[in-house]
Amino acid sequence: PRSLRSKAREIERAFVSLESKLQRVPTDEELADELNISLAELNNTLARLNYSCVLALDELWTSEQDENELRICETIVDYQSEDPYSALEVKEIRDVLRKAITYLTDREKEIITLYYFHGFTFGEIGEVLGLTESRISQIHTKIMLRLKGYLRSLMGDQD
């Protein structure tokens, strides 16, 4: 409960304060006096704390730990968020493709747009552009070969 967590923080602060003042570990009596509670009340609270795991997740975000140690907050998976690595990879691929497409002619860009973004068939694209389906297929193949060559040159692959 919140009240128990609050008591735990009070005891922790009092303990640290007394330890700093006295330059030693305070006794239970000194701790009870500092908290203005009876020794029986302190022992009762400590017993209740012993049976509960008092852990504030917000402290895990800010606590200083060994850099090799995994914090609990780092193990919580957010299935609703996009994987940062995948998002970066998709962005980089889009950026490269966007740049590669700038090297295409206007007609080639139109074919790519109609085919990949509007779902037109080669026959439908041919009707729009006044070309045969087989000619659109040939142009598409040529576009793909040019884009592959461009992408391979970026990667340093000369196959």
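User: Which residues line the largest cavity?

Analyst: Here's the general idea: rolling a probe the size of a water molecule over the atoms shows where empty space is left. On a 1 Å grid over the protein atoms alone, a cavity is a set of points where a 1.4 Å probe fits but cannot get out, and lining residues have an atom within 4 Å of a point. In this case the lining is Lys7, Glu10, Ile11, Leu35, Ile37 and Thr45. One thing to keep in mind: this is a predicted model, where local features need pLDDT of at least 70 and side-chain atom pairs count only at pLDDT 80 or more, while totals for chains, interfaces and linings use all residues. Residues are numbered from 1 along each chain as its sequence is written, and side-chain values use heavy atoms, with hydrogens and water left out.

User: What lines the largest pocket?

Analyst: A pocket is an open set of grid points, with protein on both sides within 12 Å along at least five of seven lines. The largest pocket here has a volume of about 150 Å³. Its lining is Leu97, Ile101, Ile112, Tyr116, Phe117, Met144 and Leu147.

User: How many helices and strands does the chain have?

Analyst: Eight helices and zero strands. Walking along the sequence, you get α-α-α-α-α-α-α-α.

User: How much of the chain is buried?

Analyst: Buried means under 20% relative accessible area, exposed means over 50%, and partly exposed is in between (1.4 Å probe, protein chains only). Of the 159 residues in this chain, 21% are buried. The chain's accessible surface, from the Shrake-Rupley method with a 1.4 Å probe, comes to about 12300 Å², and 53% of that belongs to carbon and sulfur atoms.

User: How many aromatic pairs are there?

Analyst: Rings of Phe, Tyr and Trp (its six-membered ring) pair if their centres lie within 6.5 Å; planes under 30 degrees apart are stacked, over 60 edge-to-face, and the rest tilted. Searching the whole structure turns up three pairs. One of them, tyrosine 103 with tyrosine 150, is tilted, at 5.2 Å centre to centre and 45 degrees between the planes. Tyrosine 103 sits in the loop between helix H5 (84–101) and helix H6 (106–117), and tyrosine 150 in helix H8 (residues 133–155), so this pair ties together parts that are 47 residues apart in sequence. Tyrosine 150 is buried, at 17% relative accessible area.

User: Why does the pair of tyrosine 115 and phenylalanine 122 count as stacked?

Analyst: Their planes are at 25 degrees, with ring centres 4.7 Å apart, so the pair is stacked. Tyrosine 115 is partly exposed at 30%, whereas phenylalanine 122 is buried at 18%. Tyr115, Tyr116 and Phe122 form one aromatic cluster.

User: Where are the residues with positive phi, glutamine 23 and asparagine 36?

Analyst: Both are in loops. Glutamine 23, with phi near 60 degrees, lies between H1 and helix H2 (28–35) and is exposed at 68%. Asparagine 36, with phi of about 60 degrees though not a glycine, lies between H2 and helix H3 (39–50) and is exposed at 69%.

User: What does UniProt list for residues 121–147?

Analyst: UniProt positions use the numbering used here, feature names are shortened, and annotations may be inferred rather than shown by experiment. An unreviewed entry there lists "domain: RNA polymerase sigma-70" for this stretch. Over those residues the chain is 85% helix and 0% strand, with the end C-alpha atoms 20 Å apart.

Key. Helices (H or I, at least four residues) and strands (E, at least two) are DSSP runs, numbered from the N terminus. Grid points are joined across faces, edges and corners, and a volume is the space filled by probe spheres set on the points.
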